[in-house]
Amino acid sequence: MQSLEIRQRIMVKGVVQGVGFRPYVHNLALQHGLRGFVRNSCGAVEIEVQGEAESVESFVERLTLQSPPLAQILNVEIENCPPLLQIGSFQIIESVATAEQKNEIFVPPDTATCNDCIAELFTATNRRFGYPFINCTNCGPRFTIIEKLPYDRSATTMKKFRMCKLCSQEYEDHTDRRFHAQPNACFECGPRLSFHAADRSQVLYSNQALDAAITALRADQVVAVKGVGGFHFLGNATCLNVIDAIRRHKGRIDKPLAVMFRSTDEVEKVCYLSKAEKALLESPERPIVLLRLRKECNLPTAIAPGLDELGAMLA
């Protein structure tokens with residue numbers, strides 16, 4: 001005797017777009033043998049599932065307990081619907097914008113490169129070795145590239161870049177970490193670095209651009225880097241002339257400046273660092289954390305005049 005099937009419509013609200021939530025729902029539904037769809041709406045993720053009652057109940061229970069790490073679920077609304085006679089497999093379908101949800105929009109924040117992407121970035125045999133715009137569903141730009149919601153590639157600045165065959169395969173493969181990762185790209189199809197000289201005498205691209213920036217930094221020049229979230233003025237934090245130049249560029253004559261470090265090990269050479277502060281520095285938000293300076297610190301006092309604290313951050 002066939003088990004009784006039920007169908008439920010579920011609206012999940014919060015930070016649930018751009019955090020890998022649709023791929024997560026898709027795979028969770030397949031694990032439970034359910035049919036239906038998931039899609040982004042203007043301020044939520046809309047899900048319809050149909051299957052055996054026990055499977056649907058288990059799906060709903062796991063939906064919030066095991067959601068992606070970057071998701072922040074604020075509300076879940078469940079509506080029972082009559083089962084459909086004809087319904088195929090479970091799919092991610094085209095997003096829809098609904099007027100009644102315009103006041104419930106939560107834009108996902110930019111997040112730091114995850115450990116998996118970092119590993120690929122520095123693996124010589126990986127096709128994204130050294131690719132500066134590496135990302136996946138667990139990390140990368142969100143707020144910076146979004147032009148409107150629902151969050152789809154066509155609604156971001158990445159719409160100008162058509163995915164190559166390999167990136168498209170990753171995007172379509174529900175077992176891949178980049179399944180429906182909207183900023184997905186690589187050397188073949190994505191954005192590239194460019195270096196613009198201050199006097200506009202030259203523009204360099206890709207590896208030449210990176211080399212030019214490194215040369216400028218080593219020559220104690222200031223480099224403005226446009227990246228996720230806006231611009232950083234970069235320069236040698238141990239050079240008084242560089243500190244003065246950055247202050248003049250920013251119009252920040254005496255306010256403290258933040259310093260970027262390679263790792264928390266490097267931070268600890270300059271500042272005292274508790275476990276909680278270390279965790280905060282390494283969190284996906286990569287915030288500037290105010291830390292107490294060591295007395296033997298070798299950084300110029302001009303970075304934070306009159307203070308015994310330093311704003312530290314990781315890349």
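**Entry 1**

Grid points are joined across faces, edges and corners, and a volume is the space filled by probe spheres set on the points. The largest cavity holds about 110 Å³ of space. I counted 15 residues lining it, and the closest to its centre are Gly 18, Val 19, Gly 20, Tyr 151 and His 180; a lining residue has an atom within 4 Å of a point.

A note on what I am reading: this is a predicted model, where local features need pLDDT of at least 70 and side-chain atom pairs count only at pLDDT 80 or more, while totals for chains, interfaces and linings use all residues. Residues are numbered from 1 along each chain as its sequence is written, and side-chain values use heavy atoms, with hydrogens and water left out.

Which element gives the most to the lining of the largest cavity? It is α1, with three residues. Helices (H or I, at least four residues) and strands (E, at least two) are DSSP runs, numbered from the N terminus. By class, I noted six nonpolar, seven polar and two charged residues in that lining. Here Ala, Val, Leu, Ile, Met, Phe, Trp, Tyr, Cys and Pro count as nonpolar, Asp, Glu, Lys and Arg as charged, and the others, Gly among them, as polar.

I went back to His 180, which sits in the loop between α4 and β6. His 180 is buried, at 16% relative accessible area (buried is under 20%, exposed over 50%, partly exposed in between, with a 1.4 Å probe and protein chains only). Its phi is positive, near 60°, in a residue other than glycine.

Ser 206 is not a glycine either, and has a positive phi of about 55°. I placed Ser 206 in helix α5 (residues 206-218), and with 33% relative accessibility this serine is partly exposed.

Is the peptide bond from Leu 149 to Pro 150 cis or trans? It is cis, with omega near 5°. Pro 150 belongs to the loop between α3 and α4.

**Entry 2: aromatic rings**

Next I looked for ring pairs, meaning rings of Phe, Tyr and Trp (its six-membered ring) with centres within 6.5 Å; planes under 30 degrees apart are stacked, over 60 edge-to-face and the rest tilted. I found three aromatic pairs. Phe 21 and Tyr 24 make a tilted one, 5.8 Å centre to centre with 55° between the planes. Both residues are buried, and they lie three residues apart in helix α1 (residues 21-31), about one helical turn.

Tyr 131 and Phe 187 are edge-to-face, at 4.9 Å centre to centre and 70° between the planes. Tyr 131 is in the loop between α3 (115-121) and α4 (165-172) and Phe 187 in the loop between α4 and β6 (194-196), so this pair ties together parts 56 residues apart in sequence. Tyr 131 is buried at 1% relative accessible area, whereas Phe 187 is partly exposed at 48%. Ring pairs link Tyr 131, Phe 133 and Phe 187 into a cluster.

Key: On a 1 Å grid over the protein atoms alone, a cavity is a set of points where a 1.4 Å probe fits but cannot get out, and a pocket is an open set with protein on both sides within 12 Å along at least five of seven lines; lining residues have an atom within 4 Å of a point.
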